[in-house]
Amino acid sequence: MDHAVALKTAMVPLTTLQFSSADLAAIHSELQQKQAEAPALFRHLPCALDLQGFSPEQLNLAELLPLCRSTGLLPVAVRNANAVWAPQLAELQLADLGRGQSRSTAPVANCPPRQVKIHSGNVRSGQQLYHDGDLVLFGMVSAGAEVLATGDIHIYGALRGRALAGVKGDENAVIVCQQFDAELLAIAGQYRLFEEPHELRQQPVAIRLQDGSLNITGV
């Protein structure tokens with residue numbers, strides 16, 4: 001007899017929101033600002049809420065959830081929640097991921113193979129190119145253009161627009177380009193804007209996520 005449902009375990013990395021304040025107005029304002037800076041990151045992005053250091057009396061989770069959703073985030077779980085949170089988590093149908101680091105430590109060898117998309121040609125201003133897997137681009141990403149992938153992004157040309165890798169939370173994703181002059185870079189929700197020319201401008205670079213921040217190195 002065929003089964004209608006099969007259960008499989010998997011390591012699924014999630015973007016984690018960490019809070020230094022319980023002020024909902026301040027949180028909302030900052031999320032709106034981040035959404036305006038990197039709208040592609042905030043498009044139905046599953047995330048976990050880190051409740052470390054907060055109690056239900058300090059942080060109103062029932063009000064925080066719609067606030068997050070209004071900026072395109074989809075909270076599905078929490079981290080570092082002690083036992084007093086249990087009734088609210090059950091009522092709000094949020095998974096409890098337990099305690100631990102916000103960043104995934106799953107080794108690369110455990111990751112499943114990803115599909116590779118090869119695109120030949122430039123991505124012009126106003127255009128967006130997305131792929132669920134690794135993206136290889138033979139061409140230029142113009143200023144005002146955007147390329148996104150759930151895996152790695154390799155650009156054999158100039159990167160003058162925006163490149164967002166690991167958009168579903170893969171912190172092992174990398175971005176590589178031959179000529180670096182980006183407007184914005186992001187890996188697994190960690191992003192960086194470039195309003196001034198970078199010291200490695202026009203050079204080949206590789207970008208990785210290390211200790212929660214983007215590391216740009218020449219190659």
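**Figure 1. Overview of the predicted model.** Helices (H or I, at least four residues) and strands (E, at least two) are DSSP runs numbered from the N terminus, and by this reading the protein has three helices and 15 strands. The model is predicted, with local features needing pLDDT of at least 70 and side-chain atom pairs counting only at pLDDT 80 or more, whereas totals for chains, interfaces and linings use all residues. Residues are numbered from 1 along each chain as its sequence is written, and side-chain values use heavy atoms, without hydrogens and water.

**Figure 2. The largest nonpolar core.** A nonpolar core is a set of buried Ala, Val, Leu, Ile, Met, Phe, Trp, Tyr and Cys residues joined through side-chain atoms within 4.5 Å, where buried means under 20% relative accessible area, exposed over 50% and partly exposed in between (1.4 Å probe, protein chains only). Of the 32 residues in the largest such core, Leu-49 and Leu-64 touch the most other members. Helix α2 (61-70) is among the elements that each supply at least two residues of this core, and α2 gives the most, with five residues.

**Figure 3. The stacked pair of Phe-138 and Tyr-156.** Rings of Phe, Tyr and Trp (its six-membered ring) pair if their centres lie within 6.5 Å, and planes under 30 degrees apart count as stacked, over 60 as edge-to-face and the rest as tilted. Phe-138 and Tyr-156 lie 5.0 Å centre to centre with 15° between the planes, and the pair links strand β7 (residues 134-138) with strand β9 (residues 153-159). Phe-138 counts as partly exposed because its relative accessibility is 43%.
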